[in-house]
Amino acid sequence: MTTWNLDKLYHGFDDKLYLFDIDRFEKEIENFLRMETIFENVEDANDKLQTYLKAITDLFTLADKLFQFVSLTEATDSTNQNAIKALNRLQNQVTRLTPIQTKFGKWLLQVPNLEELIDKDDYLKEHRFHLMEARTNASRLLDEQTEILIAKLRQNGSVAWSRLQSLLTSTVGVDYQGEEITLSQVRNLAYDENAEVRKNAYEAELKAYNKIDKSVAFALNAIKGEVNTLSERRGYASALDQALEQSRMSRPTLDAMIEAMEEYLPMFRTYLKRKAKLLGHTNGLPFYDLFAPVGNVNKTFTIEEANQYILKNFATFNERLPEMAGRAFHEGWIDYLPKKGKVGGAFCSNIHSIGESRVLTNFTGAFGDVITLAHELGHAYHGEAIFT
């Protein structure tokens, strides 16, 4: 089994359950929007908080299931028209929530003694972190009409530009050795034991970028432009400060991480210089040999061998980790192989609605691919811990 199985979500875009849930999602949004009037004052704040939290939890649980199915389908086939249309439909529906979410945030700022209110109720205690963060974020909100406009414009702005970038990089063809392969396939050749293969693959990759470089740069610049404009309007000192706040990280923490990296740079440089010499380079290590194997270790793993290697090493940690990985291997959690239209790199998506994860990778058998797969399964294990 080399492709993931999404049947626990839906069996396809013509699945009766999928069609039912799409319709139910839009109706639940309609019902949710009718709650807007309860935030006109702060009376009975406890009841209003519980009503809102229960409603939005149910709504987002359904939204998670729908979005996961659609986005995961698109991730392995960026030209899938059903997925593209469905994602547009879902995103447009979600923007309709902006008015009530904005009103709720501003209402939270007006609730007196919010922390005391939370501490007196067991249900609210479970949502304490979310409520306090929502109140903090509310201080960055603009007026309701502006927030609605931003949400709508974003669908044709950063969201669309991001999807364009994914489409271009997943479908561009790379001319290599008389055949057309994908970016993921040519980049994986960086691990090949043959020096000429690595160099030729690198040059073929760079040449392929000429087909899309301007479009991708335009997309990335447009995304960054939107971020810079909105971060300034919301009162952040910079886009970096916005990213730190949204990542729940302080500037001193980031600085400490960067300082630790810089402290160890000489060690990495020593290693890379030594690797260059071992590979026969006299003037530093060229980029195409950055991931080259060194020595006599040049094993190529099959998928089954990679799976067994991971299980063996996961077992040295605890019993629960390899048990989860075994289910991932045998129950279709992983989409392994590169193909045209599939996004590059790798990721793990934790699907809360079914209590499972799905892992995307572009596996070609290199040891680095095995490490990548193990890394993503680590995220799945994190998800499992959250689910239970």
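Two strands are said to pair if DSSP finds at least two bridges between them. Helices (H or I, at least four residues) and strands (E, at least two) are DSSP runs, numbered from the N terminus. The views below show a predicted model, in which local features need pLDDT of at least 70 and side-chain atom pairs count only at pLDDT 80 or more, whereas totals for chains, interfaces and linings use all residues. Residues are numbered from 1 along each chain as its sequence is written, and side-chain values use heavy atoms, with hydrogens and water left out.

**View A. The open sheet has three strands in the order β3-β5-β4, with mixed pairing.** The edge strands, each pairing on one side only, are β3 (334-335) and β4 (347-351). Helix α17 (residues 367-387) packs on this sheet and touches β3, β4 and β5 (contact means heavy atoms within 4.5 Å). The direction of α17 makes about 15° with that of β4 (angles run from 0 to 180 degrees between N-to-C directions, and axes are lines fitted to C-alpha atoms, for helices over the stretch in contact).

**View B. Strand β5 (residues 356-360) pairs with β3 in the parallel sense and with β4 in the antiparallel sense.** Two bridges join β3 and β5: Ile334 has Val359 as its bridge partner, and Asp335 stands opposite Leu360. The hairpin formed by β4 and β5 has four residues between the strands, and Gly355 in the turn has a positive phi of about 65°.

**View C. Both faces of β5 are covered.** Glu356, Arg358 and Leu360 lie on one side, Ser357 and Val359 on the other, and all are buried (under 20% relative accessible area; exposed is over 50%, partly exposed is in between, with a 1.4 Å probe and protein chains only). Because five of its five residues are buried, β5 is largely enclosed by the rest of the structure.

**View D. Tyr18 and Val70 touch the most other members of the largest nonpolar core, which has 44 residues.** A nonpolar core is a set of buried Ala, Val, Leu, Ile, Met, Phe, Trp, Tyr and Cys residues joined through side-chain atoms within 4.5 Å. Helix α2 (45-76) is one of the helices that each supply at least two residues, and α2 gives the most, with 13 residues. Not counting residues up to four places away in sequence, Tyr18 touches Tyr10, Gly12, Phe13, Leu66, Phe69, Val70 and Ala86. Another core, of 23 residues, lies apart from this one and includes Phe314, Leu321, Ile334 and Phe363.

**View E. Helices α9 (residues 158-171) and α12 (residues 213-233) cross at roughly 155°, with axes that come within 9 Å.** The two helices are therefore roughly antiparallel (over 145 degrees; under 35 is roughly parallel, 65 to 115 roughly perpendicular and the rest oblique). Among the residues that meet here are Trp161 and Leu168 in α9 and Phe218 and Ile223 in α12.

**View F. Thr76, in helix α2, is buried, with a relative accessible area of 10%.** Leaving aside neighbours within four places in sequence, Thr76 is in contact with Trp4, Asp335, Lys339, Gly341, Lys342 and Leu360.
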